[in-house]
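Biologist: I would like to learn how to read the features of a structure one at a time. Please start with the rule and then show me the case.

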Amino acid sequence: MTDLAAVKAALKTQAVETPSWAYGNSGTRFKVFAQQGVPRTAKEKLDDAAQVHAVTGIAPTVALHIPWDEVGDYADLAAHAEKRGLRLGTVNSNTFQDDDYRLGSICHPDAAVRRKALRHLLECVDIMDATGSRDLKLWFADGTNYPGQDDIRARQDRLAEGLAQVYARLGEGQRMLLEYKLFEPSFYTTDVPDWGTAYAHCLKLGPRAEVVVDTGHHAPGTNIEFIVATLLREGKLGGFDFNSRFYADDDLMVGAADPFQLFRIMCEVVRGGGFTSEVAFMLDQCHNIEAKIPAIIRSVMNVQEATAKALLVDREALAAAQAAGDVLGANAVLMDAYDTDVRPLLREVRAEMGLDPEPLAAYRRSGWADRIVAERVGGEQAGWGA
């Protein structure tokens with residue numbers, strides 16, 4: 001039997017980091033659709049993030065993206081976050097929106113371009129020092145479009161060299177999280193295309209280099225929970241970028257395409273001790289046509305619901321069925337947890353935390369959506385510049 005008190009206690013400790021860029025304007029490669037009330041500054045992004053944390057109670061940190069969130073005084077930005085009941089979280093680098101990076105960044109054949117990319121990555125560590133951030137998250141758009149365009153092995157050598165220099169710069173208690181992506185924007189090779197490549201580089205770098213699993217960055221049919229289980233077993237799962245995809249792109253709300261997959265992933269997280277370790281639970285989403293703050297609230301709730309179901313799995317019954325070779329019985333234990341309506345349980349958890357049991361309703365009543373439309377007039381709206 002599952003201990004409901006223990007499940008509630010675990011849920012109250014959960015933390016989901018929201019991404020600053022999700023509060024700004026975004027779109028596809030074809031069009032960015034602007035919305036009213038979108039933040040114009042990094043501080044206004046934090047103001048919006050504070051609304052998400054206020055109604056969910058489990059979104060206390062905000063990831064930054066440099067240079068999208070570049071400011072003159074990062075200590076001041078951290079102080080602003082603290083005033084809003086938040087902390088600054090993961091620092092994300094950007095080596096994919098500069099003309100010099102047409103052929104790559106730290107894998108580029110030109111040493112001058114590689115040095116430029118490295119300077120940016122080291123600057124991100126400087127920002128971590130100023131903000132008190134623990135994690136540096138690296139994703140590289142580096143790759144090639146055509147066979148013969150560049151030397152595949154040489155590019156891996158350049159990648160390893162650049163990562164080693166950044167790793168050596170990390171301060172006490174700081175980590176490097178390496179993200180992978182199957183394809184896009186490169187069509188022939190991607191320099192960090194899968195978890196194995198990321199794992200191999202992190203293993204060579206050392207204990208403070210770990211892999212990020214972006215749930216949208218896999219080929220159709222990939223068993224992501226197997227990857228999660230393996231990385232947890234090896235002590236190399238640094239965090240998640242939670243999102244969802246239907247075909248190829250990856251920035252839809254987490255759980256939108258396959259909520260059962262999200263549950264299966266969280267089952268492995270609970271099984272492998274990732275829920276109580278230092279695995280970072282981050283959203284990486286862009287809300288192109290839907291209202292941004294409600295979509296982020298809904299995403300946090302989706303992670304909560306999948307986690308609650310995973311915590312409700314009767315582990316003793318599951319282990320007994322597995323040991324007995326009871327295929328259908330073992331599957332039934334998982335399905336019983338997945339089929340449980342955890343919304344009443346989560347309403348109880350929120351009430352016990354002093355929150356409104358219904359986060360979206362609480363946000364609507366707050367009047368924040370109308371307020372930001374009225375107040376954020378003029379200036380340049382934030383966005384990721386596509």
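Modeller: A salt bridge is a side-chain nitrogen of Lys or Arg within 4 Å of a carboxyl oxygen of Asp or Glu. Side chains of opposite charge can pair when their charged atoms come close. The model here is predicted, so local features need pLDDT of at least 70 and side-chain atom pairs count only at pLDDT 80 or more, while totals for chains, interfaces and linings use all residues. Residues are numbered from 1 along each chain as its sequence is written, and side-chain values use heavy atoms, with hydrogens and water left out.

Biologist: How many salt bridges does the rule give here?

Modeller: The count comes to 30. One of them joins the side chains of Asp-135 and Arg-134, at 3.1 Å from N to O. Both residues also belong to a salt-bridge network with Arg-175, Glu-210 and Glu-278.

Biologist: Which salt bridge links distant parts of the chain?

Modeller: Take Asp-241 and Lys-137, whose side chains meet at 3.0 Å, N to O. Asp-241 is in strand β11 and Lys-137 is in strand β6, 104 residues apart. Both are buried. The element names come from DSSP runs, numbered from the N terminus: helices are H or I with at least four residues, strands are E with at least two. For a local case, look at Glu-375 and Arg-371, with a salt bridge of 3.2 Å, N to O. These two lie in helix α14 (residues 368–375), four residues apart, which is about one turn of the helix. Arg-371 is partly exposed, at 42% relative accessibility.

Biologist: What is the strand order in the open sheet?

Modeller: Strands of a sheet pair through backbone hydrogen bonds, either parallel or antiparallel. Two strands count as paired if DSSP finds at least two bridges between them. The open sheet here has eight strands in the order β1-β4-β5-β6-β8-β10-β11-β12, with parallel pairing. β1 (18–19) and β12 (280–283) stand at the edges with a single partner strand each, so one side of each has no neighbour in the sheet.

Biologist: How many bridges does β8 form with β6 and with β10?

Modeller: Strand β6 (residues 135–138) and β8 share four bridges in the parallel sense, with Arg-175 of β8 as the bridge partner of Asp-135. β8 and β10 likewise pair in parallel over four bridges, and Glu-179 has Val-212 of β10 as its partner. Going on from β10, strand β11 (residues 237–242) pairs with it in parallel over four bridges, where Val-211 stands opposite Leu-237.

Biologist: Which way do the side chains of β8 point?

Modeller: In a regular strand the side chains alternate between the two faces of the sheet. From β8, Arg-175, Leu-177 and Glu-179 point one way and Met-176 and Leu-178 the other, and all are buried.

Biologist: What is Asp-214 in contact with, leaving aside its neighbours within four places in sequence?

Modeller: Contact means heavy atoms within 4.5 Å. By that rule Asp-214 touches Glu-179, Asp-241, Asn-243, Asp-250 and Asp-284, its neighbours within four places aside. A polar contact is a pair of N or O atoms within 3.5 Å; within protein, one must be able to donate a hydrogen and the other to accept it, and residues adjacent in sequence count only if both atoms are side-chain atoms. Asp-214 has one of 3.0 Å, side chain to side chain, with Asn-243. Asp-214 lies in strand β10 (residues 209–214) and is buried, at 0% relative accessibility.

Biologist: Where are the cis peptide bonds to proline?

Modeller: One runs from Ile-66 to Pro-67, with omega near 20°, and Pro-67 is in the loop between β4 (61–65) and α3 (74–83). Another joins Glu-184 and Pro-185, with omega about 10°; Pro-185 lies in the loop between β8 and β9. Glu-184 also has a positive phi, near 80°, in a residue other than glycine. Glu-184 is buried, with a relative accessible area of 16%.

How values were computed. Buried means under 20% relative accessible area, exposed over 50%, partly exposed in between (1.4 Å probe, protein chains only).
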